[in-house]
Amino acid sequence: MNQPPKYRALDILEDVCIGCAHCMRSCPTEALRVNDGKAKLHAEWCVDCGECFRVCPTRAIRARMDDFDEVLKYRHRILLVPELFFGQFSERVSRELVYSVMAELGFTEVCAVEQSVDTLVDEINGYMQTSKKPVISSFCPSIVRLIQVRFPFLVDSIMRLMPPIEITARYYRSKLAEQGIDESDAGVFYLSHCIGKIAAVKSPVGGYKSPITGVINMDFLYNKVYLAYKNRAPITGTLKVNGALSAKGVLYATTGGEAKHINGRTLAVDGMNNVIDFLELLENEKIRGVDYLELRACDQSCAGGILSHRNRFLGAETLQRYANTKGDTHELVDDYKLHASANIHMDPIEPRSLVKYDRNIEVALKKMEQAQLLQKMLPEIDCGACGAPSCESLADDIVRGEKEIKSCIFLRTRYEKHGDISPQEAMGMMEAIWGKDRFKVPD
């Protein structure tokens, strides 16, 4: 089945990129290369985890955000705010100040994203009764995409229930319609701490269309609030606050905050490398007897989100303290079941082919055999000097015609030693990968 194009949530600013290869080495799907001294992205291979964003020393990788002016085009402007946004600040920054800044920016109503968690937990426990185990949570979009790309045989294990952000958005769309407000007159915006969630809103998997109008990056609003706090700005803006939230909702986005409410044997794994290690064990059938898996791409889950500013452990601690002030449920639970629980199921999630070699299966198999033979010729030390993250990925690039065997510095040195290529040719190859400026002799 033809898959719709995936929204690209990241941009690489070539005039800022120095071709250091930090991003290339950090990518869990080997979606990045270095050519002509700049990082290049295979967008279809990207899972929007943001690891490249995290390690870039020059901030050459940027998360996309919708034009903020779009907010003001609507008469009703609702902002869906994840609880962890408040965890970005110490208790000295009051919620009243945060809400005031949101009002000054033009929003008319603010709602807690995790209001739908109580309803979702009940739905998950019902889903578990008839599902093959283990069930993998659909909460983290980067993990869903990772499984599609790198662990395609596990896609059937992904839960076919929407994440809280989509359920909450549907609830407020339903409430607006109930009030007779036309959909074109109301904008529902999401405040995102996560590159993966930006991409998931723009191009969701699971056969549904998101009711969210646009995405505002968390760092944008964080800077506005922090500036207001530092300048001791008066609290003047007012807006409607729908802050109904239970303790489980407050902590749902933290490590273990989801798994502990699901019946059966559950495990919570955070951090991309840890998740990959675990999925490899699961794919090789070395994990048995687990009913539910909460898998999150970021260390400390969403508290460690890519667009978060505060230390992830301090942020999680602030959320825990706030959860201690909340009850086991909230006053909108029954209303959520009435307005939002009927339409939260997704279609089966399909693998997303990397198309590493060719769309024609016969051609692809031949190229795969060629790549395996080429890999045996390479030194297998994954130095990255060729502009690819590993010897295996270089072999793949060669059979696709994107690199040549002499891109390997070890083989090139051997050819040069035996007179098969000249020093000038060898230098030209290095310049093609890392850029001419890197090899200029200083005056």
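Trainee: What should I know about the model before I start?

Mentor: It is predicted, so local features need pLDDT of at least 70, side-chain atom pairs count only at pLDDT 80 or more, and totals for chains, interfaces and linings use all residues. Residues are numbered from 1 along each chain as its sequence is written, and side-chain values use heavy atoms, with hydrogens and water left out.

Trainee: How many residues does helix α10 have, and what span does it reach?

Mentor: Start with the naming. Helices (H or I, at least four residues) and strands (E, at least two) are DSSP runs, numbered from the N terminus. The expected span of a helix is 1.5 Å times one less than its number of residues. Helix α10 covers residues 272-283, twelve in number. From first C-alpha to last it reaches 16 Å, close to the 16 Å expected.

Trainee: Which residues of α10 are buried?

Mentor: Buried means under 20% relative accessible area, exposed over 50%, and partly exposed in between (1.4 Å probe, protein chains only). In α10 the buried residues are Met272, Val275, Ile276, Phe278, Leu279 and Leu282. They cover an arc of only 165° around the axis, so they sit on the same side of α10. The arc is that of the directions from the helix axis to the C-beta atoms.

Trainee: What covers the buried residues of α10?

Mentor: Look for contacts, meaning heavy atoms within 4.5 Å. The cover includes helices α2 (51-55) and α5 (141-150). It also includes strands β7 (135-136), β11 (266-270) and β12 (292-296).

Trainee: At what angle do α5 and α7 pack?

Mentor: Axes are lines fitted to C-alpha atoms, for helices over the stretch in contact, and angles run from 0 to 180 degrees between N-to-C directions. Helix α7 spans residues 195-202. Its axis and that of α5 are 8 Å apart, at an angle of about 75°. That makes α5 roughly perpendicular to α7. Angles under 35 degrees count as roughly parallel, over 145 as roughly antiparallel, 65 to 115 as roughly perpendicular and the rest as oblique.

Trainee: Which residues of α5 and α7 meet?

Mentor: From α5, Pro141, Ser142 and Arg145. From α7, Gly196, Lys197, Ala199 and Ala200. By class, this contact has three nonpolar, two polar and two charged residues. Here Ala, Val, Leu, Ile, Met, Phe, Trp, Tyr, Cys and Pro count as nonpolar, Asp, Glu, Lys and Arg as charged, and the others, Gly among them, as polar.

Trainee: Is Thr168 buried or exposed?

Mentor: Thr168 is buried, with a relative accessible area of 0%. It is found in helix α6 (residues 164-178). Neighbours within four places in sequence aside, Thr168 is in contact with Leu80, Ala112, Val113, Gln115, Ser116 and Tyr336.

Trainee: What is Tyr172 in contact with?

Mentor: Tyr172 also lies in α6, and is buried at 5%. With the neighbours within four places again left aside, its contacts are Leu80, Glu109, Cys111, Gln115, Asn242, Leu332 and Tyr336. Tyr172 and Tyr336 are 164 residues apart along the chain, yet their C-alpha atoms are separated by 9.5 Å.

Trainee: Which backbone angles deserve a second look?

Mentor: Most residues other than glycine have a negative phi, and most peptide bonds are trans. Ala21 has a positive phi of about 80°. It lies in the loop between β1 (10-12) and α1 (22-26), and is buried at 3%. Glu30 has a positive phi near 55°. Its place is the loop between α1 and β2 (32-35), and it is partly exposed at 26%.

Trainee: Where is the cis peptide bond?

Mentor: It joins Lys133 and Pro134, with omega about -5°. Pro134 is in the loop between α4 (117-128) and β7.
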